[in-house]
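Here are my notes on this structure, written as numbered points. Keep the 3D view open and look up each residue as you read.

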Amino acid sequence: MTDTSLHYGAPNGLTLAEKNRALIAILSGFALWTGAFLSGFVIAEPAPYELFMAGLIGVWALLGLKIPASISPLVVLILLFNVGGIVSLMTMDNWSSQVIYVAVSFFLGLTSIFFAAVIAARPSLLRVIFSGYMAAALITGTIGILAYFGAMPSADLFLRFGRAKGAFQDPNVFAPFLCLPALFCLHQILVRPAIKSLPYMAMLLVIALGIFLSFSRAGWGLFVLSALLLTAALLISNPSGRFRVRVTLLAISALIAVSVALLIALQFEAVRDIFFTRAQLVQDYDGARLGRFARHWIGYMMATEHPFGIGILEFGEMFGEDTHNIWLKALFDYSWLGFFAYVTLMVWTLGAGLKILFRNRPWQPYLLCTYIIFIGHIVIGNVIDTDHWRHFFLLLGIIWGCIAAENYHQNKLADSQ
């Protein structure tokens with residue numbers, strides 16, 4: 001008599017246990033897809049992303065999420081960075097909403113640890129995460145484009161100072177968010193056969209137009225810099241002369257296509273006026289007597305006298321404008337401890353990521369695009385605060401997840417020898 005206890009309801013030959021594992025894999029993949037997707041919709045705080053991710057992290061922890069030893073630098077430095085925030089908070093007489101700010105910082109740091117741990121356990125989930133991120137970029141980018149041209153109801157909700165911001169609070173967050181999907185599309189265009197790259201060409205045009213209509217100089221610079229670095233990385237990593245010629249020609253073609261789309265957009269007077277205003281490298285509020293750059297210099301001088309910081313968001317109260325510089329923000333809002341932890345984390349991430357960047361692994365395309373965008377975010381951190389950007393912590397999690405996956409791969413090879 002055949003034992004049917006494990007095969008009941010499994011006509012395709014899978015056992016019940018195997019079916020349960022498959023179902024759990026599908027559900028966990030969908031949950032991660034949703035988390036990455038929700039990172040593109042931050043109109044108000046707390047955003048749906050926080051609420052969903054809090055539940056997701058809790059459930060995953062109950063199911064036995066393991067933190068690999070290889071991401072311990074990320075864990076320790078994120079913890080020290082946020083402890084520095086508490087130190088700075090203690091210098092204040094009235095905490096009020098600042099406690100919430102510190103709590104959000106802790107939570108966003110936790111999300112980077114979560115994504116790193118999940119990717120380390122199952123690198124194949126990178127495809128799912130990128131899929132959710134891409135979907136969010138297409139939707140929020142389309143919203144920004146339609147709103148800019150007044151082609152949707154309540155368009156003003158998705159604009160700020162006449163600039164597209166999609167489902168974000170600020171165009172200067174909206175544009176950098178779009179840059180990773182844009183770069184991944186460009187990567188697929190450069191490495192795939194022409195026919196198979198057509199969907200990515202269409203997506204790139206939509207996302208690139210969203211970046212353009214944000215009129216964010218940081219977003220524009222990030223996209224251009226990242227595209228150049230990606231093209232250079234592909235040319236360096238592949239010795240084939242034929243491949244290099246192909247990548248060069250495709251990169252030029254992609255540049256022409258995006259340029260044509262932008263030229264068409266510039267035919268609209270409203271677009272043209274804002275573009276030439278925003279295209280100036282230094283705006284009045286940057287170079288004025290107490291403009292952004294002057295405040296940076298004054299702030300660095302002040303920071304030498306305040307090792308414990310000056311309190312959360314106090315710089316903006318003192319000068320009428322936020323720091324708009326992540327290094328200065330770290331010094332004042334997270335104390336010297338938080339600053340040194342943040343600098344160390346950035347340097348460590350760049351070094352550890354670069355070490356494995358060109359190794360032939362299934363996750364290499366995702367790591368390459370994320371790493372390049374991460375470099376760009378460090379650069380634009382000189383003119384903008386990134387400590388509460390949800391997607392920035394996702395970038396961190398992806399890179400450290402790949403670092404841990406590579407470490408596991410190397411250990412497995414060593415054990416097999």
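1. Is Phe114 buried or exposed? With a relative accessibility of 2%, Phe114 counts as buried, because anything under 20% falls in that class. Please keep in mind throughout that this is a predicted model.

2. Phe114 has an aromatic partner, Trp60. A pair of aromatic rings is described by two things, the distance of the centres and the angle of the planes. The count of aromatic pairs in the model comes to 22. For Trp60 and Phe114, the ring centres are 5.4 Å apart and the planes stand at 75°, so this pair is edge-to-face; the cut-off for that label is an angle over 60 degrees. Trp60 belongs to helix H2 (residues 48-62) and Phe114 to helix H4 (residues 98-121), so the pair ties together parts that are 54 residues apart in sequence. Trp60 counts as buried too, at 16% relative accessibility.

3. The axes of H2 and H4 are 11 Å apart, and the helices pack at an angle of about 50°. H2 and H4 are therefore oblique to each other, and H2 passes H4 in a left-handed crossing. On the H2 side, the contact is made by Tyr49, Glu50, Met53, Ala54, Leu56, Ile57 and Trp60. On the H4 side, the residues are Phe107, Leu108, Leu110, Thr111, Phe114, Phe115 and Val118. Sorted by class, the contact of H2 with H4 has 12 nonpolar residues, one polar and one charged.

4. Leaving aside residues up to four places away in sequence, Ala47 touches Phe41 and Val42.

5. Helix H7 (residues 198-213) and H8 have axes that come within 9 Å and cross at roughly 140°. From H7, the residues Leu204, Ala208, Ile211 and Phe212 meet Gly219, Trp220 and Phe223 of H8. By class, this contact of H7 with H8 has six nonpolar residues, one polar and no charged ones.

6. Stay in H8 (residues 217-237) for a moment and find Gly221. This glycine has a relative accessible area of 37%, so Gly221 is partly exposed. Gly221 and Pro176 are 45 residues apart in sequence, while their C-alpha atoms are 9.5 Å apart in space.

7. The axes of helix H3 (residues 72-89) and helix H17 (residues 390-416) come within 10 Å and cross at roughly 150°. This angle makes H3 roughly antiparallel to H17, because that label covers angles over 145 degrees. Here Pro73, Leu74 and Ile78 of H3 meet Phe393, Leu396 and Trp400 of H17. The contact of H3 with H17 has six nonpolar residues, with no polar and no charged ones.

Methods. Residues are numbered from 1 along each chain as its sequence is written. This is a predicted model: local features need pLDDT of at least 70, side-chain atom pairs count only at pLDDT 80 or more; totals for chains, interfaces and linings use all residues. Side-chain values use heavy atoms; hydrogens and water are left out. Rings of Phe, Tyr and Trp (its six-membered ring) pair if their centres lie within 6.5 Å; planes under 30 degrees apart count as stacked, over 60 as edge-to-face and the rest as tilted. Helices (H or I, at least four residues) and strands (E, at least two) are DSSP runs, numbered from the N terminus. Buried means under 20% relative accessible area, exposed over 50%, partly exposed in between (1.4 Å probe, protein chains only). Axes are lines fitted to C-alpha atoms, for helices over the stretch in contact, and angles run from 0 to 180 degrees between N-to-C directions. Angles under 35 degrees count as roughly parallel, over 145 as roughly antiparallel, 65 to 115 as roughly perpendicular and the rest as oblique. A crossing is left-handed if the near helix is turned anticlockwise from the far one by less than a right angle, and right-handed if clockwise. Contact means heavy atoms within 4.5 Å. Ala, Val, Leu, Ile, Met, Phe, Trp, Tyr, Cys and Pro count as nonpolar, Asp, Glu, Lys and Arg as charged, and the others, Gly among them, as polar.
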